[in-house]
Structure formats: C-alpha cells, structure tokens
Amino acid sequence: MILLDDTTPFMAEEEPITSSSNPPHTSSSESFNTFFENWLREQNSHLEELVTAANYNHNENEIENENDAVLLQLIEKVVRHYEQYYRTKSDWEKRDAIAMHSPSWRSNLEDAFLWIGGWRPTLAIHLLYSKSGIQLDAKLGDLIRGITTGDLSDLAPKQMEKIDDLHRKTMVEKLAKVQETAADRSMVELSSAVSEMMRSGGGAGESEERVEEVLEVKNGEMEELLHRADDLRLETLKAVIEILTPIQAAYFLIAAAELHLRLHEWGKKRGNKQ
C-alpha cells in the first residue's frame, strides 16, 4: 500500500505500464489528440474539485479527519485519471511509437519541456519545491507566529529529507538508466548501412526496404523506451504524493494541473499567432 504521511492508506501499487494486446481505449476513428483534449477537460474539472476541497479543508480544519477522508478519495480519483492517460498512451505507442515520441498534439512551447515523449520526472520534485516556496512567502508571517498552515509551506523536516532523498538518489539513478537506453547506436548504424549500400550501387528500392526493416525494429525499441519513461513519470508522481499529507497532496496536484493546463493553453495561443 502507498501511505500518505506514513499513516493514511492511499491506494494499491499499480503494475508497470506495458503495451497490451487489448485494443486502444479510443475507437479507431478517434485520434489520440481527441482523447488528449477530452482528458484535459476532465483534468480541469478535477482541478476545480481540488481547489474547492483544499479551500474547505483550510476553512474547516476543526474536522480535519473527516476532510482528510474526502481529500483522499479525490486524490485517488486524480491519480487514477493520470493512470488512464498512461494506459491509453501505451496502447497508441504500440501502433506508432516513433510518432508518439514527438507528440503532434503538443505545441512547440510544450515540446521545449518534453523528455522522451512527456514531462521529465524530476519536474514533479522541482514543482513541489517551487510551490512550497511560493506558499512559504505568502504565509511567512503566520509561520513566524507559530501558526501552522498545513499546506506546502509547512513541510516537516522529515518530509524534506524524503523528498531530497527521492531527488538525489532514486530518481536521478533511474533517469540515467532510461536515458542510456535512448542513446543507442541503431540510427547511426542504419545511416551508415544505407550510405554504404548507395555507394556500392544498390538500388533505391533495396535501400528503402533496409530502412523499413531497421525502423520496424527501432519502433519496438522506442515503444519500450516510452513505456519505461512513462512508468517513471507515474512512479515519481505517486512517490511525491506518498510523502505528503492529504491537504499537501491536494495543493501539489493543483499546482501540477495548473502548470499542465496553462502551458498547453499558452502553447496553442502562440501557435495560432504564428
């Protein structure tokens, strides 16, 4: 079980994201872009629920245990929503992993922040630090007077230690392993083989056939790479939530959703102006 604040049961561990033999969750006539836009609308709805719940918890902290139970249910729903995204993405990666590596539904602005088809896992930790600093600045007076806030400005030393350990040891090591997989030699070998074939008088058809053979293998490698990267993204999200209390987890998920939604909106607006 994943625990929130070492005591509150959250949710069972999920199996790693893998490509399945089941058909995609979307119909054959529906592009992943359509699924993604619908998923974003649901994320925005969840964001509003999180904001409402966090504000209520802050104003009615005398019934903390009852509010925590409500928050836990909402947090679990939000995490399940992320899991749905990665399961569906995994199915589409099986169709065309190379295309999913450079998502067409993302704007150029979003592309600048991508790492192997999605957000860099350590971004979750940087986001937590940034939001904690913002809330700390806003409520510094209360903290100086000994008034606890319960939000991300009120992270305990033990929590900070766990976050730092997650960042320095676990995630950095796993990021390096996934990155090593991405830096293979297959495309260099392909370009060399085709160039040699052309120099030796091989026909264009022969070269194209060779390219397709290698790209088919490459697509499988890219699919596996994307699965590993997505596993790491979801694992990081859950690991951060595990360290936080329910109200802190709610504020973290609010910040994550706001960053994701606003970045997508800004990117689309910039694209329309060009």
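**A chat about a predicted model**

Student: With which side chain does the side chain of E93 make a polar contact?
Tutor: The partner of E93 is the side chain of H227, at 2.9 Å. A polar contact is a pair of N or O atoms within 3.5 Å; within protein, one must be able to donate a hydrogen and the other to accept it, and residues adjacent in sequence count only if both atoms are side-chain atoms.

Student: Before we go on, where do these values come from?
Tutor: This is a predicted model, in which local features need pLDDT of at least 70 and side-chain atom pairs count only at pLDDT 80 or more, while totals for chains, interfaces and linings use all residues. Residues are numbered from 1 along each chain as its sequence is written, and side-chain values use heavy atoms, with hydrogens and water left out.

Student: Back to E93, then. Is E93 buried or exposed?
Tutor: E93 counts as buried because its relative accessibility is 0%. Buried means under 20% relative accessible area, exposed over 50%, and partly exposed in between (1.4 Å probe, protein chains only).

Student: And where is E93, and what is E93 in contact with?
Tutor: E93 belongs to helix α2. Leaving aside neighbours within four places in sequence, E93 is in contact with M100, E223, L226, H227 and D230. Contact here means heavy atoms within 4.5 Å.

Student: What does the whole protein consist of, in helices and strands?
Tutor: The protein has 10 helices and two strands. From the N terminus on, the order is β-β-α-α-α-α-α-α-α-α-α-α. Helices (H or I, at least four residues) and strands (E, at least two) are DSSP runs, numbered from the N terminus.

Student: How much of the protein is buried?
Tutor: Of the 274 residues, 42% are buried. The protein exposes about 14900 Å², and carbon and sulfur atoms supply 52% of that area. Accessible areas come from the Shrake-Rupley method with a 1.4 Å probe; for residues, only the protein chains shown count as cover.

Student: Which residues touch the most other members in the largest nonpolar core?
Tutor: They are F252 and L253, in a core of 57 residues. At least two residues of this core come from each of α1 (32–59), α2 (64–95), α3 (97–101), α5 (123–138), α7 (157–182), α9 (204–243) and α10 (246–273). A nonpolar core is a set of buried Ala, Val, Leu, Ile, Met, Phe, Trp, Tyr and Cys residues joined through side-chain atoms within 4.5 Å.

Student: What is F252 in contact with?
Tutor: Beyond its neighbours within four places in sequence, F252 is in contact with A124, L127, L128, L152, L237, V240, I241 and L244.

Student: New topic: how many aromatic pairs are there?
Tutor: A search of the whole structure finds eight. One of them is W39 with Y85, a tilted pair at 5.1 Å centre to centre with 45° between the planes. This pair links distant parts of the chain, since W39 is in helix α1 and Y85 is in helix α2, 46 residues apart. Rings of Phe, Tyr and Trp (its six-membered ring) pair if their centres lie within 6.5 Å; planes under 30 degrees apart count as stacked, over 60 as edge-to-face and the rest as tilted.

Student: Are W39 and Y85 buried or exposed?
Tutor: Both W39 and Y85 are buried. Y85 also forms an edge-to-face pair with Y86, at 5.0 Å centre to centre and 75° between the planes.

Student: Which residues form the aromatic cluster?
Tutor: One cluster is formed by F32, F35, F36, W39, Y82, Y85, Y86 and W92. The charged end of R95 sits over the ring of W92, 4.1 Å from its centre. A charge sits over a ring if NZ of Lys or CZ of Arg is within 6 Å of the ring centre and within 35 degrees of the ring normal.

Student: And the loops? Where is G117?
Tutor: G117 lies in the loop between α4 (108–111) and α5. G117 counts as buried because its relative accessible area is 3%. Among its contacts, apart from neighbours within four places in sequence, are K89, M100, H101 and R233.

Student: What is the phi of I116 near?
Tutor: Phi of I116 is near 50°, a positive value in a residue other than glycine. I116 is also in the loop between α4 and α5.
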